[in-house]
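User: I've got a model open on my screen and I'd like to talk through how it's put together. Can you walk me through it?

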Amino acid sequence: MAPERKPPSLSQRISSSPFYFALYVVLVLLGNVGNTVVIGVVGQSLLRDTGVVKSSDVILVNMAFSNLMVSLVRNTVVMVSDLGVEIFLTRDMCHLMMGIWVWLRSANVWSTFFLSAFHFQTLRRVAPPVISLHGPRGPPRPLVLGFGLIWSLNLGYSIPAFIFSKNGDENSTETLMLVSSTTRPLLGCIWDFPSAYSGLAFATSSMVIHESIPIFLMSITNLGSLFTLYTHGHTRKSQGAPVVTRIPAERRAAKVILALNILFISSWGTNVISVNYFNYNRGSSTEFLLIIARFANMSFIALSPIVLAVGHRRLRAVIKSVLSRLGPSG
């Protein structure tokens, strides 16, 4: 009697389809190259400008950096594994990588929200910003404090991932133990909590703290920004009303941030819904949902630089310049 064949893994299903694998590679490369370009172009403008540092550009660099780190440390490693390179981490490496994955993914979500919160706070400012021509040049202290809190608090929250994880067997990569996209294991690493209750508590808190709450807040702040711009155009200036200058530019920024929020929420929602539906309705007819979840998980990181390029003048100018040089001369 012939031995029973194991069903193909998700990586095998993707690599066996030229279309899926080509699309997968394109998304990963877009995430790596696109966010690197954002960091390089916007970061260079921050270093070259002799005037006041633009807080919005600093936030964009921070968001692009978090995107790039997730893309390099998580998505690129998974892509290399799908290429056929066997990557099976030891127990100590799983401790390290699981902690880094949870840390970067959590910081990435809050860095995305930070952009919406900053724009909303800017539009709601009653008094014009105080600019000191003789003070130290650099980002405002509250901005630096915000970045410090995002990265340090999320590092503290990821400490359980550094401790309660281990390497499993060959099939552990496809075991979707946790529905949260923040805490999902990969590359043979699995969770090793002392009890099922503690593991469920960590997964649930991650889902609420690092996904549901920031997504709700970024939706509220972006809608608040749009409402502020709308009311500014339909009401006269009154004492205590927010000071909103450069209305066309602010409206364009609000639309870009709204597009980023929609992209992020749709990416996250498609990922979570697909994984949940597969977990509760396992079978060959639902295996395609895992492929959808894999693509949805990286779509925001891959496509957000394109959205930023549409709304950021300097990014748009640099891309046009590069495309004109690559195009046919004449």
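Analyst: Here are some questions and answers on the fold, the packing and a few single residues.

User: Before we start, what kind of model is this, and how are residues numbered?

Analyst: It's a predicted model, where local features need pLDDT of at least 70, side-chain atom pairs count only at pLDDT 80 or more, and totals for chains, interfaces and linings use all residues. Side-chain values use heavy atoms, with hydrogens and water left out, and residues are numbered along each chain as its sequence is written, starting from 1.

User: How many helices and strands does the chain have, and in what order do the elements run?

Analyst: Helices (H or I, at least four residues) and strands (E, at least two) are DSSP runs, numbered from the N terminus. On that basis the chain has 10 helices and 2 strands. From the N terminus on, the order is α-α-α-α-α-α-β-β-α-α-α-α.

User: What percentage of the residues in the chain is buried?

Analyst: Buried means under 20% relative accessible area, exposed over 50%, and partly exposed in between, with a 1.4 Å probe and protein chains only. The chain has 330 residues, and the buried share comes to 45%.

User: What does Leu308 touch, leaving out residues up to four places away in sequence?

Analyst: Contact means heavy atoms within 4.5 Å. With those sequence neighbours not counted, the partners of Leu308 are Val38, Leu60, Met63, Val256, Leu260 and Leu315.

User: At what angle do H2 and H9 pack?

Analyst: Axes are lines fitted to C-alpha atoms, for helices over the stretch in contact, and angles run from 0 to 180 degrees between N-to-C directions. Among the residues that meet are Leu27, Gly31 and Val38 in H2, and Met298, Ala302 and Leu308 in H9. The axes of H2 and H9 are 8 Å apart, and the packing angle is about 35°.

User: How many aromatic pairs are there, and which type do Tyr24 and Phe295 form?

Analyst: Rings of Phe, Tyr and Trp (its six-membered ring) pair if their centres lie within 6.5 Å; planes under 30 degrees apart count as stacked, over 60 as edge-to-face and the rest as tilted. The count by this rule is 9 aromatic pairs. Tyr24 and Phe295 sit 6.0 Å centre to centre with 65° between the planes, which makes the pair edge-to-face.

User: How many residues apart are Tyr24 and Phe295, and where do they lie?

Analyst: Both Tyr24 and Phe295 are buried. The pair links distant parts of the chain: Tyr24 lies in helix H2 (residues 18-48) and Phe295 in helix H9 (residues 288-311), with a separation of 271 residues.

User: Why is the pair of Phe193 and Phe202 called tilted?

Analyst: Phe193 is buried at 16% relative accessible area, and Phe202 is buried at 8%. Together with Tyr157 and Phe164, they form one aromatic cluster. The ring centres of Phe193 and Phe202 are 5.5 Å apart and the planes are at 45°, so the pair is tilted.

User: Is Asn222 buried or exposed?

Analyst: Asn222 is found in helix H7. Asn222 touches Ala254, Ile257, Leu258 and Asn261, leaving out residues up to four places away in sequence. Its relative accessible area is 2%, so Asn222 is buried.

User: How far apart are the C-alpha atoms of Ile257 and His119?

Analyst: Ile257 is in helix H8 and is buried, with a relative accessible area of 6%. Neighbours within four places in sequence aside, Ile257 is in contact with Leu115, Ser116, His119 and Asn222. Ile257 and His119 are 138 residues apart along the chain, and their C-alpha atoms are separated by 8.6 Å.

User: Is Lys166 buried or partly exposed?

Analyst: Lys166 is found in strand E1 (residues 165-167). Leaving aside neighbours within four places in sequence, its contacts include Arg91, Cys94 and Asp192. At 26% relative accessibility, Lys166 counts as partly exposed.
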